[in-house]
Amino acid sequence: MSAPAELRELLISRITDIPDYPQPGVMFKDITPLLADPAAFGALTEAFAELCGQHRVDKIVGLEARGFILAAPVAVRAGVGFVPVRKAGKLPGTTLGQSYELEYGTAEIEIHSDALAPGDRVLVIDDVLATGGTADASLQLIRRAGAEVAGLAVLLELGFLAGRQRLEPGLKGAPLEALITV
């Protein structure tokens, strides 16, 4: 899915390119101006909420940290639950964890062990799909919790980093919805 042209233009116009951040050679996509614009943020929230209806979603998983900002209002708008996926060690109580490979080393994400129930249809929301490592780990975590992956939705897909190809096996036929692909 790509956003309709009018929505796509609105969203793109509110995303700022920051060269050489966080390191030289990286072009960071800053969504802060989009979040500060109530029309753009509202349109983004509505577009994601429509996906919840299309995919019969019970819960939304938001990936730390900007995924929280996008996913929480979508959950409210769609009338479904919100579940944060955090970096390891950030959640109190009993958790389920999933480790994954980074370019140099490994990382781990967690959810509360009782956050998802068997049969829940879960949509993962994040701001940017880059290489897909965190998103792939979240798909594994959702399935380990007994829930079903209804799909993955992102504001912006960096197509040149091939995250979509990395995610295809883990999606197992569930849709990957990117409003904007660059």
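# Briefing: a predicted single-chain model

D20 sits in the loop between strand 1 and strand 2. D20 is not a glycine, yet its phi is positive, about 60°. The model is predicted. The protein chain holds 6 helices and 9 strands. A UniProt entry, unreviewed, lists residues 34-156 as "domain: Phosphoribosyltransferase".

**Overall form**

- The protein chain has 182 residues and a radius of gyration of 16 Å. A compact globule with 182 residues would come out near 16 Å, so the chain agrees with that expectation.
- Along the principal axes, the C-alpha atoms fill a box of roughly 40 × 40 × 30 Å.
- Buried residues account for 46% of the 182 residues.
- Take the contacts between residues at least 6 apart in sequence: 63% of them join residues at least 24 apart.

**Surface and charge**

**The annotated domain**

- The record gives the domain as residues 34-156. Over this stretch the chain is 37% helix and 37% strand.
- The end C-alpha atoms of residues 34-156 are 12 Å apart.

**Backbone exceptions**

- Most peptide bonds are trans, and most residues other than glycine have a negative phi. The next points list exceptions.
- The bond from Y21 to P22 is cis, with omega near 5°. P22 belongs to the loop between strand 1 (16-19) and strand 2 (27-30). D20, with its positive phi, is also placed in the loop between strand 1 and strand 2.
- E64 and A65 are joined by a cis peptide bond too, with omega about -5°. A65 lies in the loop between strand 3 (59-63) and helix 4 (66-78).
- K172 is not a glycine but has a positive phi of about 50°. Its loop runs between helix 6 (163-171) and strand 9 (176-181). K172 has a relative accessible area of 63%, over the 50% cut-off, so it counts as exposed.

- T45 is part of helix 3 (residues 38-54). At 11% relative accessible area, T45 falls under the 20% limit and is therefore buried.
- Leaving aside residues up to four places away in sequence, T45 touches P73, V74 and R77. Helix 4 spans 66-78.
- A78 belongs to helix 4. A78 is partly exposed, because its relative accessible area of 28% lies between the 20% and 50% cut-offs.
- With residues up to four places away in sequence set aside, A78 touches A49 and C52. Helix 3 covers residues 38-54.
- A78 and E46 are 32 residues apart in sequence. In space, their C-alpha atoms are 8.6 Å apart.

- D17 lies in strand 1. D17 counts as partly exposed, with 40% relative accessibility.
- The contacts of D17, not counting residues up to four places away in sequence, are with M27, F28 and K29. Strand 2 spans 27-30.
- D17 and V128 are separated by 111 residues in sequence. The C-alpha to C-alpha distance between D17 and V128 is 13 Å.

- P92 is in the loop between strand 4 (81-87) and strand 5 (95-102).
- P92 is exposed, at 59% relative accessible area.
- P92 and I111 are 19 residues apart in sequence. Their C-alpha atoms are 9.8 Å apart in space.

**Points to take away**

- The radius of gyration agrees with that of a compact globule, and 63% of the contacts between residues at least 6 apart join residues at least 24 apart.
- The loop between strand 1 and strand 2 holds P22, at the end of the cis bond from Y21. This loop also holds D20, with its positive phi.

Conventions
Residues numbered from 1 in each chain as written. Predicted model: local features only at pLDDT ≥ 70, side-chain atom pairs only at ≥ 80, totals over all residues. Heavy atoms only, no water. Helix = DSSP H or I, 4+ residues; strand = E, 2+ residues; numbered from the N terminus. Rg over C-alpha atoms; globule rule 2.2 N^0.38 Å. Buried < 20%, exposed > 50% of the residue type's maximum accessible area, 1.4 Å probe, protein only. Contact = heavy atoms within 4.5 Å. UniProt positions renumbered as here; feature names shortened; annotations may be inferred.
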